[in-house]
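Thanks, everyone. I'll talk about pockets and then salt bridges.

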Amino acid sequence: MKTKQVLFNMVLLMAFLVSACSGAATPTADTMMEKVVPTAEAMMDKVTPTADAMMDKETPTADAMMSKETPAADAMMEAPAWYSASLTDASTGQAFTINDFKGKVVLVETLAMWCSNCKKQQGQVKALHDLLGERDDFISLGLDIDLNENAADLKGYVESNGFDWMYAVATKDIAQDLSKHYGDQFLNPPSTPMLVIDRKGEAHPLPFGIKSADELLKFIQPFLDEAM
């Protein structure tokens, strides 16, 4: 009897050990799913970026595209106001504006009839015309900026000196705009202020002081050589 009891107990012990080992080695289905199979949400977080994230990284906003590629309207160069101001040709009485000469090269001298330096400078402009000959793409304009002088007197001044290019009396607004863009010296006739407006409408001031015809030609020729 004792032998049978011992054998029975040994069998029970073996069964218990086998059962214990089996429980430790074999994970449940739930445990396997938790360790091996990631959830759908986890896969989406790691692999698929959200629509918002894709938009932030890949698609620039319309404002960003405009700021990088398209210059703002106020950044574009605007023509000075005096370009569109009405002037009257002292010799013919015909009205014109600087904008009428778009595509041409325009030499502008601000002057006064009492200014001896201005008269000397205009003598060099006359010599410049002789050097250039007749050209349809070149305009000279003497702009009287003394508000006390008038068109009738300017016409007599032009004719008596044999200056055969355009002359006009500037208005107060034109004089102020010249000063605003090019400095107060452009309202000081004895410094013989001059500028060249190129074919695109950009103004290029010349050095102050009397310029010879050759110096004027040297400055102007590159603008005459430019094509539109």
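Helix H6 is the top contributor to the lining of the largest pocket, giving four residues. Keep in mind that this is a predicted model. H6 spans 116–132. Strand E4, 138–144, is the other element that gives two or more residues to that lining.

How much space lies in the largest pocket? About 340 Å³. The lining has 14 residues. Closest to the centre are His129, Gly133, Glu134, Arg135 and Phe138. Six of the residues are charged, five are nonpolar and three are polar.

On to the second largest pocket. Here the space is about 190 Å³. Its lining is made up of 15 residues. Look for Tyr83, Asn99, Lys102, Lys200 and Gly201, the closest to the centre. This lining divides into seven nonpolar, five charged and three polar residues.

Next, salt bridges. How many does a search of the whole structure find? Two. Both can be taken in one view: Arg135, Asp137 and Arg199 are linked in a network.

Arg135 forms a salt bridge with Asp137. The closest N and O atoms are 2.9 Å apart.

Now the other one. Arg199 forms a salt bridge with Asp137, and there the closest N and O atoms are 2.8 Å apart. Where do these two partners sit? Arg199 is in the loop between strand E6, 194–197, and strand E7, 203–205. Asp137 is in the loop between H6 and E4. So this pair ties together parts that are 62 residues apart in sequence.

What about exposure? Arg199 is buried, because its relative accessible area is 7% and the cut-off for buried is under 20%. Asp137 has 18% relative accessibility, so Asp137 counts as buried too. Arg135 comes out at 30%, so Arg135 counts as partly exposed.

H6 gives four residues to the lining of the largest pocket. Asp137 in turn pairs with Arg199.

Terms used. Residues are numbered from 1 along each chain as its sequence is written. This is a predicted model: local features need pLDDT of at least 70, side-chain atom pairs count only at pLDDT 80 or more; totals for chains, interfaces and linings use all residues. Side-chain values use heavy atoms; hydrogens and water are left out. On a 1 Å grid over the protein atoms alone, a cavity is a set of points where a 1.4 Å probe fits but cannot get out, and a pocket is an open set with protein on both sides within 12 Å along at least five of seven lines; lining residues have an atom within 4 Å of a point. Grid points are joined across faces, edges and corners, and a volume is the space filled by probe spheres set on the points. Ala, Val, Leu, Ile, Met, Phe, Trp, Tyr, Cys and Pro count as nonpolar, Asp, Glu, Lys and Arg as charged, and the others, Gly among them, as polar. A salt bridge is a side-chain nitrogen of Lys or Arg within 4 Å of a carboxyl oxygen of Asp or Glu. Buried means under 20% relative accessible area, exposed over 50%, partly exposed in between (1.4 Å probe, protein chains only).
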